[in-house]
Amino acid sequence: MFNCEKNTTRPFTVIVEGNIGSGKTTFLDYFNQYENISVLAEPLKMWRNCNGHNLLGLMYEDPKKWSFTFQSYVSLTMVQHHCHRSPHPIKLMERSVYSARYCFVEKMKRDSILSEPATAVIDEHFQWLINNPSTAVDLVVYLRTTPEVAYERIIQRNRKEEKTISFDYLKELHDIHEDWLFYKNLHHCPAPVIVLNANLDKSSIEEEYQKCQSHILNAIP
Ligand code: DGT
């Protein structure tokens, strides 16, 4: 069994989840102001450049060919974040091994993008990971948007790899997040969930963030 935090106390670990375009980065930026929190943004830069290969771009260009490769790399980079030795008592992570499996791989399974053998490997790997102490989490913050708002934000930010994302894709990914974290009838939640209204725009969202601020900041005495 691996435990990257061996001989250290595991920080209070918060994973920030929500659909593509739900505002996870803005949420993390807000909590960056606190000195006792380590903020780990999603390793998007690595996904766009794995030894010269843009795996994110390849996955969107040809999902059947590249999804397994992409998910393998997502899993590695997420484990690196779960294992990150935080110098602070609180750690905030953008996404996790959980949303990779419970949302994205779930969607790929439904769309028959992954072969059964590929899914079997991903599942064995995932089961092994979540039985290890390093992937334990203490709180989930679910940034809940409507798919319409998330879609509009994706259009506005205009990331070149994401041009092929359709509204239907985003809506199904939304439903999967909802079933997992709001209705809690899909997969198990790894920790208690705080749901925030992430449809609000930048001018009013900080008030919404404050609803979970004390849960995070007061977690460690
Ligand atoms: P935001 O807007 O700040 O809430 O965060 P985003 O939308 O930049 O971050 P995220 O994680 O929702 O998505 C970044 C890109 O990476 C997006 O195109 C979806 C993709 N992505 C993230 N995790 C996975 C995964 O496990 N599998 C697949 N297929 N795509 C993923």
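This note walks through a predicted model, point by point.

1. Residues are numbered from 1 along each chain as its sequence is written, and side-chain values use heavy atoms, with hydrogens and water left out. Because the model is predicted, local features need pLDDT of at least 70 and side-chain atom pairs count only at pLDDT 80 or more, while totals for chains, interfaces and linings use all residues.

2. The 14 residues of helix 5 should span 20 Å at 1.5 Å a residue, and its end C-alpha atoms, 19 Å apart, agree with that. The expected span is 1.5 Å times one less than the number of residues.

3. Helix 5 also bends, by about 25° at Phe104. The bend is the angle between axes fitted to the seven residues ending at a residue and the seven starting there. At the start of helix 5, a side-chain oxygen of Ser96 comes within 3.1 Å of the backbone nitrogen of Tyr98. Just after helix 5, Ser112 has a positive phi of about 55°.

4. How enclosed is helix 5 by the rest of the structure? Largely, because twelve of its 14 residues are buried. Buried means under 20% relative accessible area, exposed over 50%, and partly exposed in between (1.4 Å probe, protein chains only). The buried residues of helix 5 pack against strand 1, helix 4 (63–83), helix 6 (116–130) and helix 8.

5. Lys107 is one of the buried residues of helix 5; it counts as buried because its relative accessibility is 4%. Leaving aside residues up to four places away in sequence, Lys107 touches Tyr169, Glu172, Leu173 and Ile176. Contact here means heavy atoms within 4.5 Å.

6. Next, have a look at Met93 in strand 3. Its relative accessibility is 0%, so Met93 counts as buried. Among the residues that Met93 touches are Thr13, Val14, Leu40 and His82, not counting those up to four places away in sequence. Met93 and His82 are eleven residues apart in sequence, with their C-alpha atoms 8.0 Å apart in space.

7. Helix 9 (residues 205–217) has 13 residues and reaches 18 Å between its first and last C-alpha, close to the 18 Å expected. Helix 9 bends by about 40° at Lys211. Its buried residues include Ile205, Tyr209, Cys212 and Leu217. The buried residues of helix 9 pack against elements including strand 1 (12–18), helix 1 (24–31) and strand 4 (139–144).

8. Now for the ligand: which of the 24 residues around it come nearest? They are Glu42, Tyr60, Gln71, Arg95 and Glu162. A residue counts as near if one of its heavy atoms lies within 4 Å. An oxygen atom of the ligand is 2.5 Å from a side-chain N or O atom of Glu42, and one is 2.7 Å from a side-chain N or O atom of Arg157. The ligand taken alone exposes 620 Å², of which the protein buries 97%. These areas come from the Shrake-Rupley method with a 1.4 Å probe.

9. Asn51 lies between helix 2 (44–48) and helix 3 (55–61), and its phi is near 50°, a positive value in a residue other than glycine. Asn51 is exposed because its relative accessible area is 75%. Asn158 sits in the loop between helix 7 (147–157) and helix 8 (167–182), with a positive phi near 55°.

Terms used
Helices (H or I, at least four residues) and strands (E, at least two) are DSSP runs, numbered from the N terminus. A polar contact is a pair of N or O atoms within 3.5 Å; within protein, one must be able to donate a hydrogen and the other to accept it, and residues adjacent in sequence count only if both atoms are side-chain atoms.
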